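Please look at the sequence and the model first.

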Amino acid sequence: MENTLLFLSLLFNILLFASTSNAISSCNGPCQTENDCDGQLICIHGSCNDDPDIGTNTCSGGSGGGGGGPSPSDDSCQPSGSLTCQGQSYPTYTCSPTVTSSTNAKLTLNDFSEGGDGGAQSECDGNYHDKTELVVALSTGWYAGGTRCGKMIRISASNGKSVEAKVVDECDSRNGCDSEHAGQPPCRNNIVDGSDAVWEALGLNKDDGVVDVTWSMA
């Protein structure tokens, strides 16, 4: 009898776990993986919340995760629309988080040379740039219509290293998925797109593709 009760209890727990793991949760609902959350919500510390990297604001009063997202002052920068590339929808932006003395950003890798994944020539000077040059592209809001062209910014990594690089291009947050953008989707609104030389100066592994950094005007 005792063994039968133990078996039934175990079977009940298995069925309960299976039904819970297959459920799609909305704001603040329980989750274990990204697939457990509805729409553009992501799983943060076991509950579904807005994705701080793309600036969604679906959850009113959500927990917002572990402090890695935008500050409240950045909430005004919301998607301006969306663009569908190869069946997947991407948010578009005309703004970026407020620039401070230590602005949170995602460092991505870009090849600014001719034939590289940067597509056309750099917007600021109409030229291509070798991988050995310390150059970056900034998301549309930070690019600010070209007002930061030719200016130097300081990028700092979590390993304590920093480097100064010149702004030469826009990482377009409004358009993408065409030949001008080398078939790539629109940039998120918090991107510093760095050359090989930038990654090497920061001592970062280029295979990582995306790394959390901070930046400021030099």
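The model is predicted. Its strands include a closed barrel of 6, running in the order 5-9-6-8-7-10 with mixed pairing. The second largest pocket has a volume of about 500 Å³, and strands 5, 8 and 9 each give two or more residues to its lining.

**The barrel**

- Strand 7, made of residues 152-157, pairs with strand 8 in the antiparallel sense over 5 bridges.
- Within strand 8, Ser162 is the residue that stands opposite Ser156.

**Strand 5 and its partners**

- Strand 5 is largely enclosed by the rest of the structure, because 5 of its 7 residues are buried.
- With strand 10 (residues 210-217), strand 5 forms an antiparallel pairing over 6 bridges.
- Trp215 in strand 10 stands opposite Thr103.
- The pairing of strand 5 with strand 9 is parallel and spans 4 bridges.
- Leu109 has Gly194 in strand 9 as its bridge partner.

**The second largest pocket**

- The lining of this pocket consists of 23 residues, and those nearest its centre are Cys171, Asp172, Gln184, Cys187 and Asp193.
- Two or more lining residues come from each of strand 5 (103-109), strand 8 (162-171) and strand 9 (191-194).
- Strand 8 contributes the most to the lining, with 3 residues.
- By type, the lining residues are 9 nonpolar, 6 polar and 8 charged.

Note on methods
Residues numbered from 1 in each chain as written. Predicted model: local features only at pLDDT ≥ 70, side-chain atom pairs only at ≥ 80, totals over all residues. Heavy atoms only, no water. 1 Å grid on protein atoms, 1.4 Å probe; cavity = no way out; pocket = protein on both sides within 12 Å on 5 of 7 lines; lining within 4 Å. Points joined across faces, edges and corners; volume = space filled by probe spheres on them. Nonpolar A, V, L, I, M, F, W, Y, C, P; charged D, E, K, R; others polar. Pairing = 2+ DSSP bridges. Buried < 20%, exposed > 50% of the residue type's maximum accessible area, 1.4 Å probe, protein only.
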